[in-house]
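Please keep the model open while I talk.

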Amino acid sequence: MTHRRTRFAHLGRPEPTLATPVNHPVERASTLLFDKSEDLYRSDLRGYGRHGSQVHDALKRLFVDLEGGATAQLYPSGVMACTQPVLSFVRPGDHVLLTDSAYGPTRFFCQTFLKQMGVETELYDPRIGAGIEALIRDNTAVVLLESPGSLTFEIQDIPAISAAARKRAAVTIVDNTWSAGLTCNPLALGADITTHSATKYFGGHGDLLYGGAICASEDHGSTLALTAKQLGVASSPDDAYQVLRGFRSVSARFAQQERTAEALARWLADRDEVRQVLHPALPSHPDHALWRRDFSGGACLFGAVLAPGPVVQVDRFIDALRLFGVGFSYGGFESLAIHCDPQLKRKFGEPFEGPLVRFACGLEHPDDLIADLEQAFAQYS
Ligand SMILES: Cc1ncc(COP(=O)(O)O)c(C=O)c1O
């Protein structure tokens, strides 16, 4: 099975015997029953529902395959997939380097929870590249990356940052949600761990929350598993099943959404109402060359800086959209649009010239989405 989409169709399925279901069935249980008392404490068996199920095992296998990792850890949300790996490697007195472009709740976790436990977080410029070396201290335990950055879409030099961190024994963790692991493989670029909000493409239908982390090494995988055990992390078998099911079709959905996003980004780039399009596949993107080097494609999500205008005008434009829902997240079947400025916090980089709007492309036809944008722009004045 050379091709990933072939593996996604076949991995983690039960061996057919007589009338076997195509996927492992959902086993809902907290209590697992044993017919012999002596088996209750066997270390080679699951003893309790929190220890997972066949569906969880199958899903881990698919996550491992996604990026060619050694192990995968499952979480009940994408945020947990971001926070738990950090928690696994920090101790009071440690230092964490966090990209300024990180997903807001990850930044919030670092600046509040980690701070309370005596761990210092230092923000760094996402475009720092090999310059990160100067920021790494003896007590730097973790370097957090996200590429492209949430909302602002900077591409990071994952190989340069990972190499610098490795020299000083700091663990690199990359939030790889945007690419779904399908168009970027940070583990192959030298990172230690990647994290995913599976809520997005793998869920694919805007109706569940889930997360996963993939480790390049067994050692890091064991550390994540221990923290998850210590903190009682567990996820519903129903949600795990939906994510597993999402893996079966994700390649086709992602490819279509990726094409739509690029078509919309190119169309928007020619509009008078748009000052800048933040999509790394466009040659006008400041990190286009880095993206070409490290990514094999795009994704469904990008941003557009509109011509300066008051907030009411931006809201009027977004409200006029008929096919784009107003709501957070991406990777689902439906397109979404949000005004980003109210949540945009940045220490580095120049402010944008106008309001920032983020578009998440769903499975609608790009011509219909473009027509929708065109009619909504009539309101942008
Ligand atoms: C880049 C990124 N990481 C993590 C998350 C968190 O995922 P979840 O909503 O599954 O908790 C999100 C959600 O929007 C995200 O965009």
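Thr 99 is buried, and its relative accessible area comes out at 0%; since the model is predicted, please take this value, like those that follow, as computed from predicted coordinates. The residue sits in strand β2, which covers residues 95-99. If we set aside the neighbours within four places in sequence, the contacts of Thr 99 are Leu 123, Tyr 124, Pro 126, Leu 144, Leu 145, Glu 146 and Gln 156.

Which residues does Arg 107 contact, once its neighbours within four places in sequence are left aside? They are Leu 98, Asp 100 and Leu 123, together with Lys 345, Arg 346 and Lys 347.

In terms of contacts, 36 residues on the domain 1 side meet 39 residues of domain 2, and between them the two domains bury about 3200 Å², of which 64% is on carbon and sulfur atoms. Within domain 1, the residues that lose the most area to domain 2 are Leu 151, Trp 178 and Tyr 201, which together account for 25% of what that side buries.

On the polar side of the same interface, the rule finds 18 residue pairs in polar contact, with both residues at pLDDT 80 or more. The elements of domain 1 that give two or more residues to the side touching domain 2 are α1 (4-10), β3 (120-124) and α5 (158-167). Sorted by class, that side of domain 1 is made up of 16 nonpolar, 12 polar and 8 charged residues.

How many salt bridges does the rule find across the interface of domain 1 and domain 2? There are 2, while the structure as a whole holds 18. As background, side chains of opposite charge can pair when their charged atoms come close.

Arg 137 pairs with Glu 120, and their closest N and O atoms are 2.8 Å apart. Because Arg 137 lies in the loop between β3 and β4 (140-146) and Glu 120 in strand β3, the pair ties together parts that are 17 residues apart in sequence. Arg 137 counts as partly exposed at 31% relative accessibility, and Glu 120 also counts as partly exposed, at 39%.

Asp 157 forms a salt bridge with Arg 293, again with the closest N and O atoms 2.8 Å apart. Asp 157 is in the loop between β4 and α5, whereas Arg 293 is in helix α8 (residues 288-294), so that this pair links distant parts of the chain, 136 residues apart. Is Asp 157 buried or exposed? Its relative accessible area is 17%, which makes Asp 157 buried, the cut-off being under 20%; Arg 293, at 48% relative accessibility, counts as partly exposed.Arg 293 also meets Asp 294 in a salt bridge, at 2.9 Å from N to O, and Asp 294 is buried, with a relative accessible area of 10%. Elsewhere, salt bridges that share partners join Asp 39, Arg 42 and Asp 44 into one network.

I will finish with helix α5. Asp 157 caps its N-terminal end, with a side-chain oxygen 3.2 Å from the backbone nitrogen of Ala 160. The buried residues of α5 are Ile 158, Ala 160, Ile 161, Ser 162, Ala 164 and Ala 165, and what covers them includes β3, β4, β5 (171-175) and α8. Just after α5, Ala 169 takes a positive phi of about 60 degrees.

Notes
Residues are numbered from 1 along each chain as its sequence is written. This is a predicted model: local features need pLDDT of at least 70, side-chain atom pairs count only at pLDDT 80 or more; totals for chains, interfaces and linings use all residues. Side-chain values use heavy atoms; hydrogens and water are left out. Contact means heavy atoms within 4.5 Å. Buried area is the accessible area (1.4 Å probe) that two parts lose on being put together, summed over both. A salt bridge is a side-chain nitrogen of Lys or Arg within 4 Å of a carboxyl oxygen of Asp or Glu. A polar contact is a pair of N or O atoms within 3.5 Å; within protein, one must be able to donate a hydrogen and the other to accept it, and residues adjacent in sequence count only if both atoms are side-chain atoms. Helices (H or I, at least four residues) and strands (E, at least two) are DSSP runs, numbered from the N terminus. Ala, Val, Leu, Ile, Met, Phe, Trp, Tyr, Cys and Pro count as nonpolar, Asp, Glu, Lys and Arg as charged, and the others, Gly among them, as polar. Buried means under 20% relative accessible area, exposed over 50%, partly exposed in between (1.4 Å probe, protein chains only).
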